[in-house]
Amino acid sequence: MTSVATAGRRDEAAETDDEFRARLRAFLTDRHPGRRPRDPDERLAWQKGWLATLFDAGYAGPSWPREYGGMALSFARQVIYQEEYARARLPRPLGTGVEIAGPTLIRYGTTEQKDRFLRPLLRGDAIWAQGYSEPDAGSDLQALRTTASRDGEEYLVNGQKVWNSAADLADVIFTLVRTGTPESRQHGISYLLIDAHAPGVVVRPLRDLTGEAHFCEIFFTDVRVPVADRIGAEDDGWPLVRTSLGHERAAGAMNQAAVYRRVLDELIALARDRGATTDPLVRDRLADFEIRVRIMRYTGMRTIADILATGEPGASSSTSRLFIATFEQDLHEFAVDLLGPYGVLGRHDAQAVQQGRWVWGFLRTRASTIGAGTAEIQRNTIAEQVLGLPRDPALPKDSR
Amino acid sequence: MVTGFVTPEHDQLRAAVRELLADRSPSAAVRRWMESGTGYDPEVWRLMSEQLGLHGLALPERYGGAGGSLVELGIVLEELGRALLPSPFFATVALAGQVLAASGDEAACERWLPGIADGSLTATLALAEEGGSWRPEDVATKAISVGDGWKLSGTKMFVIDGHSAELLLVVARSEAGPGLFAVDGEAPGVYRTRLDTLDLTRRLGRIELVDVPAVRVGPDGDATAFLHEVLDLALVALAAEQVGGAQTCLDAAVGHAKVRVQFDRPIGSFQAIKHKCADMLLRVEAARSAARHAAAVAEEPAERSAATVVAAAYCAEAFTFAAKENLQIHGGIGYTWEHDAHLFLRRAKSSEHLFGAPAAHRTRLAELTGIGGPR
């Protein structure tokens, strides 16, 4: 008898890609948790319930090893998984732990740490939030100043983090802290898992320019963290920051293109409804977005093909984030302009078009070229790592 | 065909073409031939045909070809674009050869494709006229039925190698509508002149036709749908060539930025230059995605036209962007006659206006996808 916990996991050779897709689709359809509740508490329970269902049936963590509850799929099957998951419109993992900290822990954690943390993380029992950026350490993350000073088998953590999504829901905050001297830069940074409920941790919602709070700021005052909760060696946490499992993020390369395909279709329908497409200038702009949204998909296909053929994503994937960020900013701004004075009504005005989604998107997508590395930093990285241009000699040595 | 799958055979083809052109057509040779009478190196033409079999690569086997597709031809054109090779290859193989093969006209294919496949015949496609439009619907050149054949009268403009090609495939209008006709470039009543052009590495001609004997190629009657397919083939080919040209501009700019020292440091260490290069890479890679996808779906009627105009509009502008940024990054040296930056800028801007400009392609995409359709 197959146990419930392994029902989702089978040997890849035991079925074809189509059979795998059909089985996954059937599961995601049959067990779909239904519409997203509006009430925040109900919504959280709905999300957690789904993640547990997924985990318990063996359908969580497509790129994760099986010993920690994952599916250990090949890259080709991960692509199928991401397509089906996006198609079913299901809740994503809570917090950023599964995507960012999980791979780090899998690669650098001790056996004890992996046994203790990974399964609850994947199952959604524990929500993890990232604590990297600080008020004076944004693009220059190596300038971070939150300190962790050793006190026996504990660290005493003091400092402030900012731009932390889901920190208000978090059970664990994965952070970068300074264990070296203030000048030590990347040579004195350690990677700590901090209990979000520990005394001395204060999380405050951060109201952003949209007027809502999508992020938090976190204050640490004499927070005691066991040394056993440090990942990797002391002062050597920096190389852990950009860990990923194979090319798991590229497996979803097509999904963003599919999302924007839908958004553009909605904008075109809106423009048509308002009679704006009789204007050749409007048609020209819409056609330009049509071109870009299609290229987004073609590039996703190329990236996946490159990984399947050579094991590496190729140059096209290095620029895709920048391509998408510019696209979504341009698209929302154009939508606002298209609507004229109605485009600049607030979200809550009864006469706002489509509940003000476009003007809200115009504001929200300002973050697209700031968060997770500004567009300027991305361009530097592309220039240096893909094109091989020399680094800026005025920057501190080996910073990156 | 899945976009993006590059096989080892593709890599070998690319490497072979690149090696031949690096060896036989470096910049100095390009400059020598662009100022010559014939405009191209017949020895390179012969090697491309005899040594690498490029002419017949994407033509059907029964007419002397190798049975490849636009994907393989696209690889060749990307390399020709990279090297800025002055050659009748584009007009003969990518235009006339592909158009004949797509026509489904057995007699025409038997008569001319073997010559194109073995490199013994040069040919071209004559579409636009003095009005400057590339829409088959706008063609005014007249085709009059005379006995078993036709006689053409009118004026064709912006014809690639139009002053020299041996076989002319001419779009003309009969009483039933626009269609395609074959004309011997040396026939009586053909008056041809070479145009003075911005692009020094691709020659254009004006062709005046006065009661010239012609043979119908492809569908009888109103062949507008076929002519749109012809235009699509031309645009997919051009997009591949533009990607190659844009890649050279990027490579040249990055290469220069690494070695050019000002203020005691390579200029490529300045963010202003890095960001320009990163933006060039973004456009070159997006253009490559578009061009390769268009080539991959060229034989799928439902997808072909939209994928083609996406590539046409994006690749044209990406190439011009890359050419301008390359020149800018080179600074003063890039403004000299001796530097190649201007040759690429000339090619880029000129090819933006071959077979329709980006704005026209976007208009067509809006039509194809129903953007401007009814409420």
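B:Thr197 sits in the loop between strand S6 (190–194) and strand S7 (204–217) of chain B. The model is predicted. Chains A and B touch: 38 residues of chain B are in contact with 37 residues of chain A.

- A buried residue would need 20 or more, and an exposed one 12 or fewer.
- Leaving aside residues up to four places away in sequence, B:Thr197 touches B:Leu204 and B:Ser350.
- B:Val243 is 46 residues from B:Thr197 in sequence. In space, the C-alpha atoms of B:Thr197 and B:Val243 are 21 Å apart.

**Helix H7 of chain B**
- Helix H7 of chain B covers residues 224–259.
- Of its 36 residues, 29 are buried, and H7(B) is mostly covered.
- At 1.5 Å a residue, H7(B) should span 52 Å.

**Where chain B meets chain A**
- The contact involves 38 residues of chain B and 37 residues of chain A.
- On the chain B side, the elements giving two or more residues are helix H7 (224–259), strand S9 (265–266), helix H8 (271–296), helix H9 (301–330) and helix H11 (358–369).
- H8(B) supplies the largest share of that side, with 13 residues.
- By class, the side of chain B that touches chain A has 19 nonpolar, 12 polar and 7 charged residues.

**Strand S5 of chain A and its partners**
- Strand S5 of chain A runs over residues 189–195. Because 6 of its 7 residues are buried, S5(A) is largely enclosed by the rest of the structure.
- Strand S4 (residues 172–178) of chain A runs antiparallel to S5(A), and 7 bridges join the two.
- In that pairing, A:Phe174 stands opposite A:Leu193 in S5(A).
- S5(A) also pairs with strand S8 (residues 230–231) of chain A, in the antiparallel sense, over 2 bridges.
- Here A:Tyr191 stands opposite A:Ile231 in S8(A).

**Confidence in chain A**
- Chain A has a mean pLDDT of 93, and 98% of its residues reach 70 or more.
- Over residues 1–5 of chain A, pLDDT stays under 50. The model has 5 contacts beyond four places in sequence for this stretch.
- Where pLDDT is low, the predicted coordinates should not be read in detail.

Note on methods. Residues numbered from 1 in each chain as written. Chains lettered and ligands numbered in written order. Predicted model: local features only at pLDDT ≥ 70, side-chain atom pairs only at ≥ 80, totals over all residues. Buried ≥ 20, exposed ≤ 12 C-beta atoms within 10 Å, placed from the backbone. Helix = DSSP H or I, 4+ residues; strand = E, 2+ residues; numbered from the N terminus. Pairing = 2+ DSSP bridges. Contact = placed C-beta atoms within 7 Å. Nonpolar A, V, L, I, M, F, W, Y, C, P; charged D, E, K, R; others polar. pLDDT = per-residue confidence, 0-100. Expected span 1.5 Å × (residues − 1).
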